[in-house]
Amino acid sequence: MMAGSSIPYPPQPVATAPVVGPQFVVPYTVDLAVVREVLTLQEGKFKVVDVNENVMFKVKSKLLSLRDRRILLDAAGNPIVTFQQKIFSAHRRWQAFRGESTDPKDMLFSVKKSSLVQLKTKLDVFLAANTKEDDCDFHMEGSWLERSCTIYASAGGGGGGGGSSSSAIVAQMHKKHTAGSVLVGKDHFWVTVYPNVDYAFIVALVVILEEINRDRSGED
């Protein structure tokens with residue numbers, strides 16, 4: 001972990017199966033900064049860098065007639081995840097697909113609000129294989145305004161219970177590091193991904209989290 005980080009190491013690190021790909025799973029903690037030059041996800045204005053400011057991911061936007069589409073690119077510009085909001089769905093559900101596909105057979109996971117009315121952000125994450133959705137596979141809980149959010153892997157099902165004793169922390173979103181930020185003066189926040197967790201998956205969740213919290217007007 002980067003020196004000066006205020007985020008504690010999780011008491012019991014947990015390994016999770018790769019969601020996006022095994023190349024994004026490493027046996028050590030990964031600290032990433034999400035950098036926005038503007039407040040909208042415009043192409044070339046949203047990127048994810050490591051502590052040395054090496055670009056790890058970029059987000060490209062595609063505007064559609066009924067919904068927006070986001071594409072997560074790796075450092076070489078290859079599309080690895082496409083996500084879009086499911087139209088006419090409750091709970092602001094977003095779906096994520098492999099590469100540039102939006103074919104249901106290529107779906108990786110979906111994310112929805114745990115409840116329609118929330119004082120704090122609570123999201124449920126369902127992997128594609130979890131078709132019944134009786135329990136979520138991951139859940140997220142925190143305050144977007146404070147840039148503070150924790151991502152849990154649900155053990156035995158979370159069902160939106162966020163932070164239950166059966167859950168293990170896999171990543172945390174937090175404000176700038178206290179000791180000498182490498183990105184002073186830029187609009188950004190940090191994401192700490194714990195060992196053996198797919199960090200591309202975590203980045204995709206953070207992008208969806210921002211989209212859900214940016215769109216607070218109207219109903220689904």
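Reader: Is E133 buried, partly exposed or exposed?

Author: This is a predicted model, and in it E133 is partly exposed, because its relative accessible area is 27%.

Reader: Where is E133 found?

Author: E133 sits in the loop between β8 (121-127) and β9 (138-143). Its phi is positive, at about 55°, although E133 is not a glycine.

Reader: OK, and what about phi of E53?

Author: Phi of E53 is near 70°, again a positive value in a residue other than glycine. E53 is in the loop between β2 (46-49) and β3 (55-63). With a relative accessible area of 37%, E53 counts as partly exposed.

Reader: Back to E133. Which residue does E133 form a salt bridge with?

Author: The partner is R93, and the closest N and O atoms of the two are 3.0 Å apart. The pair links distant parts of the chain, with E133 in the loop between β8 and β9, R93 in the loop between β5 (79-85) and β6 (94-98), and 40 residues separating them.

Reader: And R93, buried or exposed?

Author: R93 is buried, because its relative accessible area is 13% and buried means under 20%. E133 stays in the partly exposed class at 27%.

Reader: How many salt bridges are there in the whole structure?

Author: A search of the whole structure turns up four. One of them is K112 with D124, where the closest N and O atoms are 3.9 Å apart. That pair joins strand β7 (residues 107-113), which holds K112, to strand β8, which holds D124, and the two residues are twelve apart in the chain.

Reader: Are K112 and D124 buried or exposed?

Author: Both K112 and D124 are buried.

Reader: What does K122 form a salt bridge with?

Author: K122 pairs with E141, and their closest N and O atoms are 4.0 Å apart. K122 is partly exposed at a relative accessible area of 35%, and E141 is partly exposed at 23%.

Reader: How do β8 and β9 run, parallel or antiparallel?

Author: They run antiparallel, and five bridges join them. One of the residue pairs is L123 with its bridge partner M140 in β9.

Reader: Which strand does β9 pair with over six bridges?

Author: That is strand β10 (residues 148-154), which pairs with β9 in the antiparallel sense. There, S143 has S148 in β10 as its bridge partner.

Reader: How many residues of β9 are buried?

Author: Five of its six residues are buried, and β9 is mostly covered.

Reader: Changing topic. How many residues does the largest nonpolar core have?

Author: The largest nonpolar core has 46 residues, and those with the most contacts inside it are F57, L72, F83, F109, F201, I202 and L205. Helix α1 (residues 199-214) gives the largest share of this core, twelve residues.

Reader: What does L72 touch?

Author: Leaving aside residues up to four places away in sequence, L72 touches F57, K58, V59, N78, P79, I80, V81, F83, A200, V203 and A204.

Reader: How far apart are the ring centres of F57 and Y199?

Author: Those centres are 6.0 Å apart, and with planes at 65° the pair is edge-to-face. It links distant parts of the chain, F57 in strand β3 and Y199 in helix α1, which are 142 residues apart. F57 and Y199 are both buried.

Reader: Which residues form one aromatic cluster?

Author: F24, F57 and Y199 do. F57 is also among the residues with the most contacts inside the largest nonpolar core.

Technical notes. Residues numbered from 1 in each chain as written. Predicted model: local features only at pLDDT ≥ 70, side-chain atom pairs only at ≥ 80, totals over all residues. Heavy atoms only, no water. Helix = DSSP H or I, 4+ residues; strand = E, 2+ residues; numbered from the N terminus. Buried < 20%, exposed > 50% of the residue type's maximum accessible area, 1.4 Å probe, protein only. Salt bridge = Lys/Arg side-chain N within 4 Å of Asp/Glu carboxyl O. Core = buried A, V, L, I, M, F, W, Y, C linked by side-chain atoms within 4.5 Å. Contact = heavy atoms within 4.5 Å. Phe/Tyr/Trp six-rings, centres within 6.5 Å; stacked < 30°, edge-to-face > 60°. Pairing = 2+ DSSP bridges.
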